[in-house]
Amino acid sequence: MKNVTTVAHPLVQHKLTLLRDKTTSTKDFRQLLREIATLLCYEVTRDLSLAPKHIETPMMPMEASVLAGKKLVFAPILRAGMGFIEGMLDLVPSARVAHVGLYRDPQSLTAVEYYFKSPSDLSERLVIVIDPMLATGNTAVAAVDRLKEHGATDLRLVCLLATPVGIANLHGRHPDVPVWTAAVDAELNDHGYILPGLGDAGDRLYGTR
Ligand code: URA
């Protein structure tokens, strides 16, 4: 699938199976989501540019490498994105955060915005959108629409599970946004839930079912 990276790392796949398992407790779901997010963050940042930096070790001066450019922006889509971002911030603690409050209308499955707050200089930063469940793709499309309206031009999307339909929807509107995911599941049910999926990520994360 073009512009989609499925992360086959054994630790990612193991943790994903535990997340899918309906007997996994809320506490364990939260911990696993954080851990898998760290691993996915490692993959989505794998090709970031480096710049040289002159430092002195206790032994001698050297030309070392640091991340080039401005700090990253993580843009979690509320609410499930919040469980994901902690694991990404564990790896990139200086990243900026753009909160995108969107929910899916249960009837129309369209995305409804209720909150948006981002750094003002999105145009100068790589923005990594965090949408744990790329189901219909409507929420991801709406989030990227908003981030682009606010100046973002360099975007990536990271999710736990995607569907072919969700990816097609996102890339139909935003072909410039590559996707990293732990798996691409087969289909959606009539309520827009991913099959086999893992259920409602927000409910499982916060125990609200
Ligand atoms: N959102 C979820 O939390 N789960 C799905 O299966 C689809 C969308």
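Okay, housekeeping. The model is predicted, so to speak of local features we need pLDDT of at least 70, side-chain atom pairs count only at pLDDT 80 or more, and totals for chains, interfaces and linings use all residues. Numbering runs from 1 along each chain as its sequence is written, and side-chain values use heavy atoms, with hydrogens and water left out.

Now, the ligand. What surrounds the ligand? You'll find Arg104, Met133, Ala135, Gly192, Tyr193, Ile194, Gly199, Asp200 and Ala201 there, where near means a heavy atom within 4 Å. Sorted by class, that shell has 5 nonpolar, 2 polar and 2 charged residues; Tyr counts as nonpolar here, and Gly as polar.

On to the polar contacts, meaning pairs of N or O atoms within 3.5 Å. A ligand oxygen sits 2.8 Å from a backbone N or O of Ile194. At Gly199, a polar backbone atom is 2.8 Å from a ligand nitrogen. And at Ala201, a polar backbone atom is 2.7 Å from a ligand oxygen. Taken alone, the ligand exposes 240 Å², and the protein buries 90% of that, by Shrake-Rupley with a 1.4 Å probe.

Last stop, Arg156, which is in strand E10, residues 154-162; strands are DSSP runs of E, at least two residues. Buried or exposed? Arg156 counts as buried because its relative accessibility is 11%, and the cut-off for buried is under 20%, with a 1.4 Å probe and protein chains only. A polar atom of the Arg156 side chain lies 2.7 Å from the backbone oxygen of Val44.

Notes
A polar contact is a pair of N or O atoms within 3.5 Å; within protein, one must be able to donate a hydrogen and the other to accept it, and residues adjacent in sequence count only if both atoms are side-chain atoms. Helices (H or I, at least four residues) and strands (E, at least two) are DSSP runs, numbered from the N terminus. Buried means under 20% relative accessible area, exposed over 50%, partly exposed in between (1.4 Å probe, protein chains only).
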